[in-house]
Structures are given as structure tokens and as C-alpha cells.
Amino acid sequence: MTTIKIGQVGLGRLGKVHAQNVVNHIPNAELWAVASIVQEELDFARNVLGVRHCYDSYTDMINNDELDAVIIVSPSGFHTVQITQALEKGLHVFSEKPIGLEMRSIESVVQKIEEKQNLVFQLGFMRRFDASYQYAKELIERGELGELTSIRCYGIDPHSGLDSFISFASNAASGGIFLDMSIHDIDLIRWFSNSEFKSVYALGNNIAAPKLSEY
């Protein structure tokens with residue numbers, strides 16, 4: 001069976017999970033190359049995961065003609081550009097959510113994805129593959145919950161992660177806690193209801209981390 005040679009950009013907290021999954025749990029897949037601007041992440045890929053091709057440039061990595069696909073786990077603000085570059089190189093793409101942060105660039109990359117019908121593109125909404133969410137979806141599809149009139153989603157994160165949430169919120173290249181995390185609920189509502197939003201509004205309060213008020 002053919003082995004799929006994968007390149008990955010981003011080896012932070014979640015990136016390491018993706019990389020280790022490819023190396024240890026996905027048959028017929030090889031983590032052929034990685035790209036990161038953080039030397040410690042490249043060292044981890046080389047010394048712990050045994051990756052042979054390590055780059056400090058995403059563009060240089062995808063110019064490796066051996067690659068079949070890429071996994072994008074970089075900050076959210078880079079996603080649309082990196083997805084576009086990979087598709088133009090003829091590579092299959094798995095990208096972490098969200099697909100981007102600005103509507104104009106998102107619309108452009110969606111058009112590019114639709115043009116490349118011969119390539120596989122997947123966005124990483126992993127909750128659709130979680131057994132508990134799939135169970136809820138099955139109940140809805142079978143009509144066991146009746147007609148949906150409201151859906152409430154809420155997240156409970158440990159207080160120990162608060163400093164990380166604040167630092168990511170201040171990073172212009174990242175979606176921060178607001179865009180990176182709320183997109184899960186937006187996706188689930190669309191998936192459960194098989195419908196699109198007509199309007200959106202937000203209410204907010206900030207007690208635990210006053211600094212988040214800036215964002």
C-alpha cells in the first residue's frame with residue numbers, strides 16, 4: 001500500500017499531538033517533513049519523532065517534491081495563505097480550525113478549495129468525531145429530540161490555562177480564545193441543525209481576567 005508523505009507546519013502544544021499521531025497511530029502515513037521557526041520544535045521533531053527533513057520556512061518545506069500532503073497547525077492568521085500555497089503546489093491539506101480570521105481572505109481560500117476538486121481538504125473540527133457529539137447528532141437525526149428550538153453550547157476550561165488564553169488573545173496572528181474556541185460552538189450548531197445563521201450578537205462580562213477587556 002502507498003505511504004503518504006506528510007509535511008507539517010507548527011509544532012506547539014497541539015502541533016505536537018498531531019505529529020505524534022501521524023508517527024505513532026496512522027497506518028501508511030509518514031511525517032516526512034516539518035516546518036517551524038522555533039528551534040526547540042525542530043529539535044523535538046528530529047530527535048524524538050525521527051523526522052528527516054526539518055525546515056525553518058513553510059515555503060521551503062512545501063517545495064519538497066516528495067510531499068503528498070500537509071498538516072497546518074500554525075497560528076490561525078497564517079491558515080489562509082498556507083492553505084492556498086499548499087493547494088497551488090498540488091498537495092492535499094488538513095488544516096486546524098479556524099480556516100482564517102478575515103472574511104475576504106476566507107472567501108478567497110474557499111474559492112481556491114472549490115477549484116481544486118482533485119485534492120482533499122479537511123478542516124479540523126474534531127468535535128464532529130467525538131463519540132458524545134456523534135451520539136447527540138444521531139438522536140437529532142432520528143427525531144428523538146423532536147424539533148430543535150434552541151441549542152446551548154458552553155465551554156468550561158481550567159483556570160490554570162488562563163495565562164495562556166490571555167497571551168493568545170493579544171497575539172495578532174492568533175485567533176485567541178474568542179475566535180479559536182468559539183468556532184467550535186458555531187460549527188456544532190450548524191452541524192446539529194443543518195442550517196445557517198441569519199444573525200449573530202454577543203454579550204460579554206469579564207471578571208476573572210480584566211486584561212481580556214482590551215480584546
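These are my notebook entries on a predicted model.

**Entry 1**

I began with strand 1, residues 4–9, and looked for its partner. Strand 1 and strand 2 run parallel and are joined by six bridges.

I then asked what lies beyond strand 2. Strand 3, residues 53–55, is joined to strand 2 by three bridges, and the two run parallel. V34 turns up again here, with C54 as its bridge partner in strand 3. The chain reaches strand 3 from strand 2 by way of helix 2, residues 39–47, and this β-α-β crossover is right-handed.

Is strand 2 largely enclosed or open? I checked its residues, 29–35. Six of the seven are buried, so strand 2 is largely enclosed by the rest of the structure.

**Entry 2**

I moved on to strand 4. Four bridges tie it to strand 5, and the two strands run parallel. One pair I noted is A69 opposite H92 of strand 5. Together, strand 4, helix 4 and strand 5 form a β-α-β unit that is right-handed.

Strand 5 also pairs with strand 6, in the parallel sense, over four bridges. Here F94 has Q122 of strand 6 as its bridge partner. Between strand 5 and strand 6 the chain goes through helix 5, in a right-handed β-α-β crossover.

**Entry 1: helix 4**

How many residues of helix 4 are buried? I found seven of ten, which leaves the helix mostly covered. The buried ones are H79, T80, Q82, I83, T84, A86 and L87. I looked up what they pack against. Strand 1, helix 3, strand 4, strand 5, helix 5 and strand 6 are the elements. After helix 4 comes G90, and its phi is positive, near 80°.

**Entry 2: helix 5**

I tested the length of helix 5, residues 103–115. With 13 residues at 1.5 Å a residue, the helix should span 18 Å. Its end C-alpha atoms lie 18 Å apart, which agrees.

Which residues of helix 5 are buried? They are I106, V109, K112 and I113. Seen down the helix axis, these buried residues fall within an arc of 125°, so they line one face of helix 5. I turned to the other side, where M103, R104, E107 and E114 are exposed. Helix 4 and strand 6 are among the elements that cover the buried residues of helix 5.

**Entry 3: nonpolar cores**

I looked next for groups of buried nonpolar residues. In soluble globular proteins, nonpolar side chains tend to be buried together. In this model the largest nonpolar core has 23 residues. Those touching the most other members are Y58, M61, V70, I72, I83, V93 and I99. Strand 2, helix 3, strand 4, helix 4 and helix 5 each give two or more residues to this core.

V70 touches G7, Y58, M61, I62, A86, L91, H92, V93 and F94. There is also a second, separate core, with 16 residues, including I6, L11, A45 and A69.

Where does S95 sit? S95 belongs to strand 5, residues 92–96. Its relative accessible area is 0%, so S95 is buried. Leaving out residues up to four places away in sequence, S95 touches I72, H79, I83, F121, Q122, L123 and G124.

S74 is in the loop between strand 4 and helix 4. Is S74 buried or exposed? I read a relative accessibility of 11%, and the cut-off for buried is under 20%. S74 therefore counts as buried.

Technical notes
Residues numbered from 1 in each chain as written. Predicted model: local features only at pLDDT ≥ 70, side-chain atom pairs only at ≥ 80, totals over all residues. Heavy atoms only, no water. Buried < 20%, exposed > 50% of the residue type's maximum accessible area, 1.4 Å probe, protein only. Pairing = 2+ DSSP bridges. Right-handed = clockwise from strand over helix to strand, strands pointing away. Expected span 1.5 Å × (residues − 1). Arc of directions from axis to C-beta. Contact = heavy atoms within 4.5 Å. Core = buried A, V, L, I, M, F, W, Y, C linked by side-chain atoms within 4.5 Å.
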